[in-house]
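We will go stop by stop.

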Amino acid sequence: MGHVRDGVLRRLADDPLAVPDVLRRHLAGCDRCQERGGQVTIDRDAAAARMARPRPVPDLDIAWESFEARLALPGDPVRVPDPPRRWRAVG
């Protein structure tokens, strides 16, 4: 049996129960595969850190003030959309 492929090493880092036992046994005794597996994990973590973005936190006070200001503006009243029409059977 050859060495464990990079895709399997990545799968092992993400979902270890999805990798067959025979490959895990090989990995346990193979220094080369262990080293590559460590590098795969480092690469995965680095990519995740680069792709992570801060999530915007809505400011509800500003949103409420904006909503109230729009309600106070003169003009057409807010139009409530008509309910959806139902399909009628033709025939």
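An axis here is a line fitted to C-alpha atoms, for helices over the stretch in contact, and the angle runs from 0 to 180 degrees between N-to-C directions.

This is a predicted model; local features need pLDDT of at least 70, side-chain atom pairs count only at pLDDT 80 or more, and totals for chains, interfaces and linings use all residues. Residues are numbered from 1 along each chain as its sequence is written, and side-chain values use heavy atoms, with hydrogens and water left out.

**Stop 1: the whole chain**

Show the chain as a cartoon. It has 4 helices and 0 strands. Along the sequence the pattern reads α-α-α-α. Helices (H or I, at least four residues) and strands (E, at least two) are DSSP runs, numbered from the N terminus.

Now colour by accessibility. Buried means under 20% relative accessible area, exposed means over 50%, and partly exposed lies in between (1.4 Å probe, protein chains only). Of the 91 residues in the chain, 12% are buried.

Next, think about contacts, which means heavy atoms within 4.5 Å. Take the contacts between residues at least 6 apart in sequence: 50% of them join residues at least 24 apart.

**Stop 2: H2 against H3**

Select residues 21–29 for helix H2 and residues 31–51 for helix H3. Their axes come within 5 Å and cross at roughly 100°. H2 and H3 are therefore roughly perpendicular to each other.

Which residues meet here? From H2, pick His26, Leu27, Ala28 and Gly29; from H3, pick Asp31, Cys33 and Gln34. By class, this contact of H2 with H3 has 3 nonpolar, 3 polar and 1 charged residues. Ala, Val, Leu, Ile, Met, Phe, Trp, Tyr, Cys and Pro count as nonpolar, Asp, Glu, Lys and Arg as charged, and the others, Gly among them, as polar.

Zoom in on Gln34, which lies in helix H3. Leaving aside residues up to four places away in sequence, Gln34 touches Leu27, Ala28 and Gly29. Is Gln34 buried, partly exposed or exposed? Gln34 has a relative accessible area of 38%, so it is partly exposed.

**Stop 3: H1 against H3**

Select residues 6–14, helix H1. The axes of H1 and H3 come within 9 Å and cross at roughly 65°. H1 passes H3 in a right-handed crossing. A crossing is right-handed if the near helix is turned clockwise from the far one by less than a right angle, and left-handed if anticlockwise.

H1 gives Asp6, Leu9, Arg10, Ala13 and Asp14; H3 gives Cys33, Arg36, Gly37, Val40, Thr41 and Arg44. These residues divide into 4 nonpolar, 2 polar and 5 charged.

**Stop 4**

Click Arg32 in helix H3. Its relative accessibility is 52%, so Arg32 counts as exposed. The C-alpha atoms of Arg32 and Val4 are separated by 9.4 Å, with the residues 28 apart along the chain.

Move on to Ile42, in helix H3. At 51% relative accessibility, Ile42 counts as exposed. From Ile42 to Ala13, 29 residues apart along the chain, the C-alpha separation is 9.9 Å.

**Stop 5: the aromatic pair**

The structure holds 1 aromatic pair. Select Trp64 and Phe67: their ring centres are 5.5 Å apart and their planes are at 45°, so the pair is tilted. Rings of Phe, Tyr and Trp (its six-membered ring) pair if their centres lie within 6.5 Å; planes under 30 degrees apart count as stacked, over 60 as edge-to-face and the rest as tilted.

Trp64 and Phe67 are 3 residues apart in helix H4 (residues 60–72), so about one helical turn separates them. Trp64 counts as exposed at 52% relative accessibility, while Phe67 is partly exposed at 35%.

Key: Parallel < 35°, antiparallel > 145°, perpendicular 65-115°, else oblique.
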